[in-house]
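Student: Please walk me through this one, piece by piece.

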Amino acid sequence: MPNTKYGLTKRFHFLNKYFQNGLSSLHQNTPRLREILCVLVEMAAQPSDTLATLKTESETLKTKLEEERAKLHDVELHQVAEKIEALGQFVMKTRRALKGHGNKVLCLDWCKDKRRIVSSSQDGKVIVWDAFTTNKEHAVTMPCTWVMACAYAPSGCAVACGGLDNKCSVYPLSLDKNENLAAKKKSVAMHTNYLSACCFTNSDMQILTSSGDGTCALWDVESGQMLQSFHGHAADVLCLDLAPSETGNTFVSGVGTDISRNVYLKTSLITCKQCRLYDLRADREVAIYSKESIIFGASSVDFSLSGRLLFGGYNDYTINVWDVLKGTRVSILFGHENRVSTLRVSPDGTAFCSGSWDHTLRIWA
Amino acid sequence: MTINTLSQDGVQRQQMSCLTKMERMVISMQDPDMGIKLRNQRLLITVIPHAMTGADIVEWLIKKCSISDEEALHIGQIFVKYGYIYPLKEPRNLILKVDDSPYRFQMPYYWMSTRWPASELDYAIYLAKKNIRKQGELIEYEKECYNALHKRINHTWDFVVMQAREQLRASKQRRKADRIVLKCQEQAYWLVNRPPPGTLDSIDHGPERRTMNTRVQLNAEFYKKEIEHNRISLARNRVKSSICLESYVKYCEQYQPHDPIMQGCLPSIPWITDDIMFWNMNCETVAVPTKLRVERWSFSFMELLNDPMGRKEFLTYLKKEFSAENLCFWQACEDVRHGETSKIPEKVDEVYKQFLTPGASRWVNIDSKTMEKTLEGLKRPHRFVLDDAQMHIYFLMKKDSYPRYLKSDLYKNLFARAIVPQETKKSVFPFMRRQRHSSPSPALATQAAEDDGKAKNSNSFKSNSGTASRR
């Protein structure tokens with residue numbers, strides 16, 4: 001801003017002159033003193049970099065980043081995938097329909113035993129199912145509606161859930177029919193906005209949460225204390241996915257609607273309206289999965305065990321199955337009568353479960 | 001309870017991308033050359049111009065997007081549900097029928113993107129018109145809405161009635177065909193925006209969320225964050241695309257035989273055949289593992305450690321090599337990292353006594369620098385104090401013991417003994433469903449253990465076969 005600079009320089013000279021003449025002259029000149037003080041305050045308040053310089057710096061860095069990325073971008077995914085056989089016909093059907101929620105199903109998670117599922121819905125109910133027999137084993141009523149996040153503990157002994165109450169609570173699963181699960185509830189996480197996702201790390205003792213307040217946090221279940229906090233997002237964090245690696249745990253969080261970290265540990269998938277594949281080692285987007293006939297965006301994604309297939313639950317009530325390497329759609333699955341809000345592949349990869357706003361969950365295999 | 005009270009603006013923006021795509025398609029449908037052929041459709045005694053049949057729509061979609069019948073019908077339904085196409089025969093039923101039932105394109109004036117959200121005033125005028133036209137024509141829920149609106153916007157009610165009367169008078173001067181069309185258009189619009197109770201609300205979108213699309217203030221603070229973020233990104237190590245993608249392809253190929261959804265599994269996928277043999281044969285305590293399972297241990301060291309049976313086998317091998325303390329140390333460190341915070345000091349102390357004290361019974365061989373650093377950190381034990389030592393031992397095992405284990409007789413013999421399950425015989429009566437056996441809840445297993453007073457590894461659980469089914 002040249003004008004201000006000029007103005008500032010002029011005043012600086014004026015100030016300088018006074019200092020050269022010695023401070024004694026200032027005492028005799030109180031109006032001048034006031035003016036000097038005003039200038040000093042103004043100088044202090046003036047940021048050292050102007051907005052324009054910051055903007056140009058940010059943009060030069062961005063261009064440099066793009067250049068660096070482009071240098072290593074020597075091949076496209078579909079080129080590498082040319083030599084692979086295309087997948088044949090894919091037939092997947094609904095094998096189980098879990099009915100029992102009174103309102104939209106918002107989230108689901110599998111138990112490590114490969115057959116149990118916990119699901120949460122808009123009416124505040126969290127249900128634990130044995131999906132194989134379709135029996136309901138436990139039910140909890142949360143004190144809030146829109147329970148957007150739920151997770152099964154690795155041991156299978158507890159579930160965590162949360163939503164509009166801004167908290168993540170852990171409920172130990174008791175098999176005593178007469179016991180009210182809500183009695184043993186433990187409040188673990190506290191955010192300043194709604195809880196969008198939660199998951200246990202390697203054990204029952206720690207939970208990772210993401211929230212509409214733009215942060216993620218790691219909590220100790222036993223004490224309810226925050227162990228680590230993660231900032232950086234400019235919008236509501238809607239999803240996270242965890243993958244233990246050799247050197248510790250890393251997780252990916254996103255402001256798109258869902259994230260799934262490929263078991264391969266090196267790529268992750270983000271969906272905002274379209275499904276996109278992002279390779280973390282190459283640090284760039286490697287594929288977009290879209291089709292002219294798919295108008296609505298995906299709300300939830302997950303990979304099959306080998307990472308070859310990608311299942312996406314969409315807002316147009318369908319599930320699209322993509323060939324990750326070739327970038328083509330392998331199959332479209334109909335069945336839900338409202339949008340698919342959540343989708344997870346089972347721990348051993350034998351099936352996947354989808355939860356929808358039509359109050360049901362479906363197991364596909 | 002807090003929700004971000006985002007303006008209607010923000011939510012509309014979320015919807016916009018889908019609506020724009022839909023509208024683009026609708027426009028191409030109406031293209032005079034490439035679009036759907038419109039003709040006059042007969043509706044009872046009137047002839048409606050510029051209409052098409054349900055079958056036309058589906059056919060056009062199949063041709064344009066090269067998709068199946070089912071998918072084309074599904075997409076067509078979406079257009080009807082969102083009010084871009086409306087039916088003439090049964091106007092209250094927003095469904096696409098693949099026959100010669102007539103349909104028409106909705107006027108852009110009534111499109112979702114132009115008039116959303118629907119204003120209360122307009123709805124009041126619409127209901128008033130209906131009421132005036134034929135007394136008692138309002139359906140139950142409409143009557144309720146009408147009364148509620150009357151109470152709510154009572155101050156403008158004269159205006160509402162006046163507008164309604166004006167619009168009715170203007171419409172009387174039109175031809176019958178036009179009148180029917182206008183009536184249908186308006187009705188379709190209101191069916192979408194004020195759905196009757198019990199029907200699907202197509203424009204329901206859940207609680208409002210602050211997305212990246214909301215206007216961010218482009219101030220100094222924002223740019224400073226961007227600069228920081230970009231600097232960090234630049235400093236990251238990047239790998240060539242070809243290397244990354246090739247290794248991803250290799251990974252997919254390696255795991256494909258293990259992916260039940262892609263290749264099926266033996267004996268069978270439990271969800272399809274209702275036979276849980278697959279789970280029984282792969283549980284932790286099985287006597288003889290399957291070949292695929294043992295093969296998987298050779299893919300990576302993490303695979304071996306993640307499988308409890310693999311870990312046990314590896315421990316047996318290490319015992320023979322007199323280096324079992326490495327694995328035990330690693331496991332103890334994992335326990336510290338992921339266990340209860342209150343038990344950390346005592347656990348770390350245990351680890352120190354058993355593994356790190358010079359002359360300890362199970363002393364682990366860590367290099368002096370790491371040992372020094374760890375011992376220093378032990379003065380103030382925290383969750384991650386043993387990380388460096390654990391990493392060192394982990395990589396030691398990975399580089400040294402693990403490859404040797406894979407070449408050892410122990411592993412090879414196990415692999416030879418491992419079974420390939422037989423495919424489940426298809427039942428003689430295919431329509432008869434097998435009994436679906438339930439399994440004890442994992443919560444039960446640990447509860448029983450607690451009752452016995454035994455400390456149980458929280459990661460293990462049993463799943464028994466042959467339990468009487470609970471229905």
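Tutor: Helices (H or I, at least four residues) and strands (E, at least two) are DSSP runs, numbered from the N terminus. This is a predicted model, where local features need pLDDT of at least 70, side-chain atom pairs count only at pLDDT 80 or more, and totals for chains, interfaces and linings use all residues; side-chain values use heavy atoms, with hydrogens and water left out. Residues are numbered from 1 along each chain as its sequence is written, while chains are lettered from A and ligands numbered from 1 in the order in which they are written.

Student: OK, where is Arg69(A)?

Tutor: Arg69(A) sits in helix H4 of chain A, residues 51-71.

Student: Buried or exposed, that Arg69(A)?

Tutor: Buried means under 20% relative accessible area, exposed means over 50%, and partly exposed is in between (1.4 Å probe, protein chains only). Arg69(A) has 18% relative accessibility, so it counts as buried.

Student: What does Arg69(A) touch?

Tutor: Contact means heavy atoms within 4.5 Å. Not counting residues up to four places away in sequence, Arg69(A) touches Tyr278(A), Asp283(A) and Arg238(B). A polar atom of the Arg69(A) side chain lies 2.9 Å from the backbone oxygen of Asp283(A).

Student: Now Arg308(A). Where is that?

Tutor: Arg308(A) is in the loop between strand S20 (298-303) and strand S21 (309-314) of chain A. The relative accessible area of Arg308(A) is 2%, so this residue is buried.

Student: Which side chain does the Arg308(A) side chain make a polar contact with?

Tutor: That of Asp323(A), at 2.9 Å. A polar contact is a pair of N or O atoms within 3.5 Å; within protein, one must be able to donate a hydrogen and the other to accept it, and residues adjacent in sequence count only if both atoms are side-chain atoms. Leaving aside neighbours within four places in sequence, Arg308(A) is in contact with residues of both chains, including Trp322(A), Cys252(B), Gln256(B) and Met262(B).

Student: Change of topic. Which residue in the hairpin of S12(A) and S13(A) takes a positive phi?

Tutor: Gly224(A), near 80 degrees. Five residues lie between the strands there. S12 (216-220) and S13 (226-230) of chain A run antiparallel, joined by four bridges. Two strands pair if DSSP finds at least two bridges between them. Leu218(A) stands opposite Gln228(A).

Student: What about phi of Thr134(A)?

Tutor: Near 60 degrees, which is positive in a residue other than glycine. Thr134(A) is in the loop between S4 (125-130) and S5 (135-141) of chain A. With 29% relative accessible area, Thr134(A) is partly exposed.

Student: On to chain B. In what order do the strands of the open sheet come?

Tutor: S1-S2-S4-S3, four strands with antiparallel pairing. S1 (39-43) and S3 (85-87) of chain B are at the edges with a single partner strand each, so one side of each has no neighbour in the sheet. The twist averages 55 degrees from one strand to the next. Axes are lines fitted to C-alpha atoms, for helices over the stretch in contact, and angles run from 0 to 180 degrees between N-to-C directions.

Student: Which helix lies across S1, S2, S3 and S4 of chain B?

Tutor: H2 of chain B, residues 54-65, running at about 25 degrees to S2(B).

Student: Which residues touch the most other members of the largest nonpolar core?

Tutor: Phe314(B), Phe329(B) and Leu356(B), out of 38 residues. A nonpolar core is a set of buried Ala, Val, Leu, Ile, Met, Phe, Trp, Tyr and Cys residues joined through side-chain atoms within 4.5 Å. Several helices of chain B each supply at least two residues of this core, among them H15 (308-321) and H19 (387-407). Another core, of 33 residues, lies apart from it and includes Phe79(B) and Trp116(B).

Student: And what does UniProt list for residues 300-415 of chain B?

Tutor: The unreviewed UniProt entry lists "domain: RGS" there. UniProt positions are given in the numbering used here, feature names are shortened, and annotations may be inferred rather than shown by experiment. Over that stretch, chain B is 74% helix and 0% strand, and the end C-alpha atoms are 16 Å apart.

Student: Last one. Which peptide bond is cis, with omega about 0 degrees?

Tutor: The one joining Leu266(B) and Pro267(B). Pro267(B) is in the loop between H10 (260-263) and H11 (270-273) of chain B.
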